[in-house]
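Subject: Structure for you to look at

Dear colleague,

Here is the structure I said I would send. Please open it before reading on, as the notes refer to it throughout.

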Amino acid sequence: MSRFLSKKHASLVPYVPGEQPRDMQYVKLNTNESPYPPSPAVIAAAAAEAGRMNLYCDPECTELRKKAAALYGVRPENILPVNGSDEILYLAFLAFGDEDHPIAFPDISYGFYPVYADLLHIPAHVVPLKKDLSIDPADYRGLNETIVLANPNAPTGRALSPEEVESIVASDPDRVVVIDEAYIDFGGVSCVPLIEKYENLLVTQTFSKSRSLAGGRLGFGIGCESLIRDLTTLKYSVNPYNVNRMTQAAGCAAIDDNDYYMENARTIIETREYTARALEELGFTVLPSKANFLFAESPAISGADLYAALKQRGVLVRHFAKDRIDNFTRITVGTREQMDILLDNIRAILNDKGGSPA
């Protein structure tokens, strides 16, 4: 770092995104992207805006908010479009946490939560997952702290029910609960309907996963009108033109083509279950997942060794060198063909190690 960096950031450990290597062609199962392209209408809508890039985009995202509100069954005043759900999470940390108001989140979850807490100098209350790597709702009831929960959680894929989430939200009406639903379309049940009942609930969603717009950067905050106003004030204080015009057009078209994306999500769910069964037949323990990835470990090979061996063979998965989960690998669910390539390579790796693949 340079000698000019503020001392308050000297110890900041940044978020580490998944690898995007360029040295060879990989079967890429490490960053939870959709294996399916955007629909033709989405590509056409984004391309149609390319010739108008000299003009600022609509900072209100007016048409996108209307369509998103209809999709989620809320009013436009309940929606804030953002530059990927990472941005709404950052704004939520900024808005609802400070030195006197800690933010609670699990010890094993999305890696941006501790980074945001550190960056904004917010005390972090890190709550351990249970032995089975699930979230215990009882750990979060009545904390009198802002709470942030990924549901389904990442990297475990486990999900809470809306009833369990509601028990947390209802237990402390004076503090905000943020439910990060990045993976909700792969088998979870959304808590968006609860925003009509609880003014302290903020739900975040993204079009990066189920709607194939990871490169477009589009997410949403969904909550009561007063929460959205708070976050909008911060947005306009940082980056009013946060969702570019091509992404706004792509988002509108993606909502119009929602059936295409939900069919893709159903296909991913089917492929996930197929892959989970195959891994279990190979001796892996696979956590029950409601996301577009699997979290699995094998007694025959460490998570780090499996990651390295697969990468050498041209298959990328994600490994986290962290206590309690360092023997696991997180595997994005791709197409059936991609998963068969993964499984064939795992069988070969286990054979080379003298394991006993089925």
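Below are my notes, from the whole chain down to single residues. Please bear in mind that this is a predicted model.

Overall build

The protein chain contains 10 helices and 12 strands. Its radius of gyration is 21 Å, close to the 21 Å that the globule rule gives for 358 residues, so the chain is as compact as a globular protein of that length. The C-alpha trace spans about 60 × 50 × 50 Å along its principal axes.

Of the 358 residues, 51% are buried. The accessible surface of the chain is about 15800 Å², and carbon and sulfur atoms account for 51% of that area. If you look at contacts between residues at least 6 apart in sequence, 73% of them join residues at least 24 apart.

Strand 8

Which residues point which way? Gly219, Gly221 and Gly223 point one way from the strand, while Phe220 and Ile222 point the other way. Both sets are buried.

Strand 8 pairs with strand 2 (residues 79-82) in the antiparallel sense, over 4 bridges. Within that pairing, Ile79 has Ile222 as its bridge partner. Strand 8 also pairs with strand 7 (residues 201-206), again in the antiparallel sense, over 5 bridges. There, Thr204 has Gly221 as its bridge partner.

Backbone points to check

Most residues other than glycine have a negative phi, and most peptide bonds are trans. The following places depart from that pattern.

- The peptide bond from Asn151 to Pro152 is cis, with omega near 0°. Pro152 sits in the loop between strand 5 (146-150) and helix 5 (162-171).
- The peptide bond from Ala154 to Pro155 is also cis, with omega near 15°. Pro155 is likewise in the loop between strand 5 and helix 5.
- Ser212 has a positive phi, near 60°. Ser212 belongs to the loop between strand 7 and strand 8.
- Arg324 has a positive phi too, near 80°. Arg324 belongs to the loop between strand 11 (315-316) and strand 12 (328-332).

Is Ser212 buried or exposed? Ser212 has a relative accessible area of 12%, which is under the 20% cut-off, so Ser212 counts as buried. Arg324 has a relative accessible area of 39%, which lies between the 20% and 50% cut-offs, so Arg324 counts as partly exposed.

Leu234

Leu234 is part of helix 6 (residues 225-238). Which residues does Leu234 contact, leaving aside its neighbours within four places in sequence? They are Leu91, Leu94 and Ala95. For a distance to check on your screen, take Leu234 and Ala159: they are 75 residues apart in sequence, and their C-alpha atoms are 30 Å apart in space.

In short

If you have time for two places, begin with strand 8, which is antiparallel to strand 2 and to strand 7. Then go to the loop between strand 5 and helix 5, where you will find Pro152 and Pro155.

Regards

Note on methods. Residues are numbered from 1 along each chain as its sequence is written. This is a predicted model: local features need pLDDT of at least 70, side-chain atom pairs count only at pLDDT 80 or more; totals for chains, interfaces and linings use all residues. Side-chain values use heavy atoms; hydrogens and water are left out. The radius of gyration is taken over C-alpha atoms; the globule rule is 2.2 Å times the number of residues to the power 0.38. Buried means under 20% relative accessible area, exposed over 50%, partly exposed in between (1.4 Å probe, protein chains only). Contact means heavy atoms within 4.5 Å. Accessible areas come from the Shrake-Rupley method with a 1.4 Å probe; for residues, only the protein chains shown count as cover. Two strands pair if DSSP finds at least two bridges between them.
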